[in-house]
Amino acid sequence: MPIRRLLLFIAALAALVGVAPLWPWLDLPLRILLPLALLLGLWGDRRGLVLIPSRPATLLTVVFFLWYAAHASRSEIIGPAANLLALLLALRLLSEKSGRHLLQIFILSLLALAASTLYSLSSAFLLFLVLEVLAIAFGLFLLCYAEADP
């Protein structure tokens, strides 16, 4: 198995583990989009396709940031912020995956896991945290190796 393919799989696994505890509290469109983005992203990576080019992904990011910023208020900041994190992660899963973008996937998945604690802190969080840290550590190791000797 090529290192790049394994690295992309680890990034998808980290995204899945990071967003799984947050999934019940997301808006319905995002609950549909996230699994779809994960599957389409894996499919695109396997085929070598970029499903959303960089510029449209950046424009979508700005549009959705403004959308969720408009819905944020003093009393309701957690919901829009968590939805924005999940949406940014979905967009990154569908777009190009350079070394910098893989690092963004890792940090967005870790932030999504942290955002889930704002809703509920169950004993399963420790399991998700251990899995997330292991996936990110292994992914960073592979990323360093892949960048040094592609």
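Trainee: Where is the place of Gly 18?
Mentor: This is a predicted model, with residues numbered from 1 along each chain as its sequence is written. Local features need pLDDT of at least 70, side-chain atom pairs count only at pLDDT 80 or more, totals for chains, interfaces and linings use all residues, and side-chain values use heavy atoms, without hydrogens and water. Helices are DSSP runs (H or I, at least four residues), numbered from the N terminus. The place of Gly 18 is in helix α1.

Trainee: Is Gly 18 buried or exposed?
Mentor: Buried means under 20% relative accessible area, exposed over 50%, partly exposed in between (1.4 Å probe, protein chains only). Gly 18 has a relative accessible area of 0%, so the term is buried.

Trainee: Which residues is Gly 18 in contact with, leaving aside neighbours within four places in sequence?
Mentor: Contact means heavy atoms within 4.5 Å. By that rule, the partners of Gly 18 are Ser 109, Ala 112, Leu 113 and Glu 132.

Trainee: Are α1 and α6 roughly parallel or roughly antiparallel?
Mentor: Axes are lines fitted to C-alpha atoms, for helices over the stretch in contact, and angles run from 0 to 180 degrees between N-to-C directions. The axes of α1 and α6 come within 9 Å and cross at roughly 155°. Under 35 degrees counts as roughly parallel, over 145 as roughly antiparallel, 65 to 115 as roughly perpendicular, the rest as oblique. The term for α1 and α6 is therefore roughly antiparallel.

Trainee: At what angle do α4 and α5 pack?
Mentor: Helix α4 covers residues 78–94 and helix α5 residues 99–116. They are roughly antiparallel to each other. Their axes lie 9 Å apart, and the angle is about 150°.

Trainee: How many charged residues are in the contact of α4 with α5?
Mentor: Ala, Val, Leu, Ile, Met, Phe, Trp, Tyr, Cys and Pro count as nonpolar, Asp, Glu, Lys and Arg as charged, and the others, Gly among them, as polar. Residues in this contact include Leu 85 and Arg 92 of α4 and His 101 of α5. The classes are ten nonpolar, three polar and, for charged, one.

Trainee: What is the angle between the planes of Trp 25 and Tyr 119?
Mentor: Rings of Phe, Tyr and Trp (its six-membered ring) pair if their centres lie within 6.5 Å; planes under 30 degrees apart count as stacked, over 60 as edge-to-face and the rest as tilted. Trp 25 and Tyr 119 are 5.3 Å centre to centre and stacked, with a plane angle of 5°.

Trainee: How many residues apart in sequence are the parts tied together by this pair?
Mentor: Trp 25 lies in the loop between α1 and α2. Tyr 119 lies in the loop between α5 and α6, so the separation is 94 residues.

Definitions and conventions: Helix = DSSP H or I, 4+ residues; strand = E, 2+ residues; numbered from the N terminus.
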